[in-house]
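Reader: Could you take me through one part of this structure closely, please? I would like to look at the side of one chain that touches its partner.

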Amino acid sequence: MGCEQWGAKLDRYLDGELAPAESVTLAAHLRGCSSCAADVLERVQIKRSVQMAGKRYTPSAELRSRITKKVAEKSHAGPAPWWRLILVPALALLVAAVLVNTYQHREQEARQNVYSELADLHVNTLASATPVDVVSSDRHTVKPWFQGKIPFTFNVPELAGSDFSLVGGRVAYLEQNPGAQLIFQIRKHEISVFIFLDRNGEIRELPARAGNAGSFNAATWTKNGLRYFVIGDANAADIEALSKLLRDAG
Amino acid sequence: MRVSEERVSAASFEELAMPLFDQLYNFAHWLAQDRAEAEDLVQETYAKALRGFSSFQAGTNFRAWMYRILRNSFLTSRAGLKNTVVLDEEDSESLPVESANPESLLIEQADREMVQQALENLPLQFREILLLCEVEEMSYQEIAETLAIPIGTVMSRLFRARKALRGSLRERIEGGRHGM
């Protein structure tokens, strides 16, 4: 498919609204087409800048307390008549069920957000003219490069004897926290490994199967207070193999 | 019976609606471009939502429902009426294709303030859809529910909103350069 056909779909791809099969084809096209890749990069930048710039106004404490009070008043008005003793627990159960549902939905959404953010970072990196800031296949060069740039250290696995090669690394940000992004390659597929500090287990797990952008496989775990994410368009077995190498090294 | 139902649903309303407070305010302020009006809007939204919560259908999207109330309140307010300009909607399938521009990396230089000014100056329909998509991170489906428009229109409007924003940012960046 040529570039003309993709033009209008790039936004849908970045918004995570393109069908999985199309996302895969587009991702493949982006690797080979520098003009579309530059276009995607620009769109990612605008998306991010609107995201930052859009969070602009904060409500006053006074308005918050006024509305909280009004909403709470309606919830707890009047003495309890006898029938409430029976009816309230029944309805409370119902409401609890709805809330649990909503909560699960939100959790899922939050996980989805982390996932799409990482997917964006991954795509953004590959689309960039200089995907990595430290270009080296030597793990003894890459690891020290991060010193002083991120607030933790980690081990880069020994790749000798595996099909993986290290392309390099850069500093990445997830929810304003700095972390390491390592790019590995296997059979022409790039895989990003993100490592962030996660002392309190605040970073959410990814969905078990990659959703949303659809074209990526992903894995995640925590070890020694660090949260690892592995994401790329390589097959699930490769993602798992790289995850194992990292786990054994870390 | 009816009273008790309202009371109990009010308790869950509080738990569903209060977490949206900060975002709703931010959105209201972007729409109204004025603190006092934004405060009135948020207050009106919560009052209307509280009254209408019994008619809220479980299983439909609560967030989209709240935003729709807020937006409708704005559109019928004095500030909103001034803002109402009807846009011609294009069909999403016939979206024009833009070619990649080698100067596109210009956008990298846009700072937060510049983006805020550009957003402020966009027509209301463009501003709100960009905020819902990028800041609220709503899916196209949620945006469609909030704005009460079909998904095809969501896509075409988003496309044109982004194009308008890009154009405006480019102008600002280039203008800034010539000004130096």
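Author: Happy to! Helices (H or I, at least four residues) and strands (E, at least two) are DSSP runs, numbered from the N terminus. On that basis, chain A has eight helices and six strands, and their order along the sequence is α-α-α-α-α-α-β-α-β-β-β-β-β-α. This is a predicted model, in which local features need pLDDT of at least 70 and side-chain atom pairs count only at pLDDT 80 or more, while totals for chains, interfaces and linings use all residues. Residues are numbered from 1 along each chain as its sequence is written, with chains lettered from A and ligands numbered from 1 in the order in which they are written.

Now to the side you asked about. Two residues are in contact if their C-beta atoms, placed from the backbone, lie within 7 Å. By that rule, 45 residues of chain A are in contact with 51 residues of chain B. Four helices of chain A, H2 (10-14), H4 (34-54), H5 (61-75) and H6 (84-127), each supply at least two residues of this side. H4(A) gives the most, with 14 residues. By type, the side of chain A that touches chain B holds 20 nonpolar residues (Ala, Val, Leu, Ile, Met, Phe, Trp, Tyr, Cys and Pro), 14 charged ones (Asp, Glu, Lys and Arg) and eleven polar ones (the others, Gly among them).

As for confidence, the predictor gives the complex an ipTM of 0.81 and a pTM of 0.55. Chain B averages a pLDDT (the predictor's confidence in each residue, from 0 to 100) of 81, and 73% of its residues score at least 70. Over residues 1-8 of chain B, however, the pLDDT is below 50. Where pLDDT is low, the predicted coordinates should not be read in detail.
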